[in-house]
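Welcome! Please take a moment to look over the sequence and the 3D structure shown below. The report after it walks through the main features one at a time.

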Amino acid sequence: DTMAVASAPSRGLKQHTFVPKGQWIVGGSISYSQQSEKNYQFLVVEGINGQGYSFNASPMFSYMIADNMGLGGRFSYGRSLVKINSANINLSDEMNFSIGDLYSLSHSYTGMVVLRNYISIGNNMRFGLFNETQLLVGGSQSKLASGSGDAITGTYETGFTVGVNLAPGI
């Protein structure tokens, strides 16, 4: 009595070496955005006047420990500022609130160990898919202040972050 074993059909997919073992990869990203609001309205908040910005930088390096697999590190720094000079919150005709002189400044920094896997797209050596697995540790500082002159009040906060991220890309 013989038993037949069915084999999976071949789909003709072949993995090509996109980045060979022994190569170094260096990269990163930088972003900056700035906003300014003059009499802006958002849902129940009206007459928003303020400005702010956001800056992020993230350099990365990786050494290819095998074909299409790299191990390395990434550092990330971010800073954001939001100033609201005035805004009105209108929940109903009887419930109206005005806020103003709000200021928020925050910094964040993160160090990561990354494992990056590449997948070639056919025979194309210019474009490929990747997934970056990140083990991260970081911290942050922020302060929130309201008021002006001698009537300034606020809070100061520090934070600590530990996490695992998956970051796919092309």
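Two strands pair if DSSP finds at least two bridges between them. Strands themselves (E, at least two residues) and helices (H or I, at least four residues) are DSSP runs, numbered from the N terminus. With that in hand, strand 2 and strand 3 run antiparallel and are joined by 17 bridges.

Before going further, a word on the source. This is a predicted model, in which local features need pLDDT of at least 70 and side-chain atom pairs count only at pLDDT 80 or more, while totals for chains, interfaces and linings use all residues. Residues are numbered from 1 along each chain as its sequence is written, and side-chain values use heavy atoms, leaving out hydrogens and water.

**The overall picture**

The chain has zero helices and six strands, which gives the pattern β-β-β-β-β-β along the sequence. Of its 170 residues, 22% are buried; buried means under 20% relative accessible area, exposed means over 50%, and partly exposed lies in between (1.4 Å probe, protein chains only). Contact means heavy atoms within 4.5 Å. Among contacts between residues at least 6 apart in sequence, 62% join residues at least 24 apart. The chain exposes about 11900 Å², with carbon and sulfur atoms supplying 58% of it; accessible areas come from the Shrake-Rupley method with a 1.4 Å probe, and for residues only the protein chains shown count as cover.

**A hairpin and its turn**

Strand 2 and strand 3 form a hairpin with two residues between them. One of the bridges pairs N56 with G78 in strand 3. N68 sits in the loop between strand 2 (45–66) and strand 3 (69–90). Most residues other than glycine have a negative phi. The phi of N68, however, is positive, near 65°. N68 counts as buried because its relative accessibility is 8%.

**Charged partners inside**

Side chains of opposite charge can pair when their charged atoms come close. How many salt bridges does the structure hold? There are two, a salt bridge being a side-chain nitrogen of Lys or Arg within 4 Å of a carboxyl oxygen of Asp or Glu.

| Salt bridge | N to O distance |
|---|---|
| E132 and R74 | 3.1 Å |
| R116 and E132 | 2.8 Å |

E132 lies in strand 5 (residues 124–146) and R74 in strand 3, so their pair ties together parts that are 58 residues apart in sequence. R116 belongs to strand 4 (residues 96–121), so its pair with E132 in strand 5 links parts 16 residues apart in sequence. E132 is buried because its relative accessibility is 1%, and R116 is buried at 11%. Through shared partners, the salt bridges join R74, R116 and E132 into one network. R74, like E132, is buried.

**A nonpolar patch on the surface**

W24, V26, F61, Y63, I65, M69, L71, V113, L135 and V164 form a nonpolar patch on the surface, with about 990 Å² of accessible area together. Such a patch is made of residues with over 30% relative accessible area and no salt bridge, with nonpolar side chains (Val, Leu, Ile, Met, Phe, Trp, Tyr) joined within 5 Å. Strand 1 (24–42), strand 2 and strand 3 each supply at least two of its residues, and strand 2 gives the largest share, three residues. V164 lies in strand 6 and counts as exposed because its relative accessible area is 60%.

Note on methods. Patches are made of residues with over 30% relative accessible area and no salt bridge: like charges are joined within 9 Å, nonpolar side chains (Val, Leu, Ile, Met, Phe, Trp, Tyr) within 5 Å.
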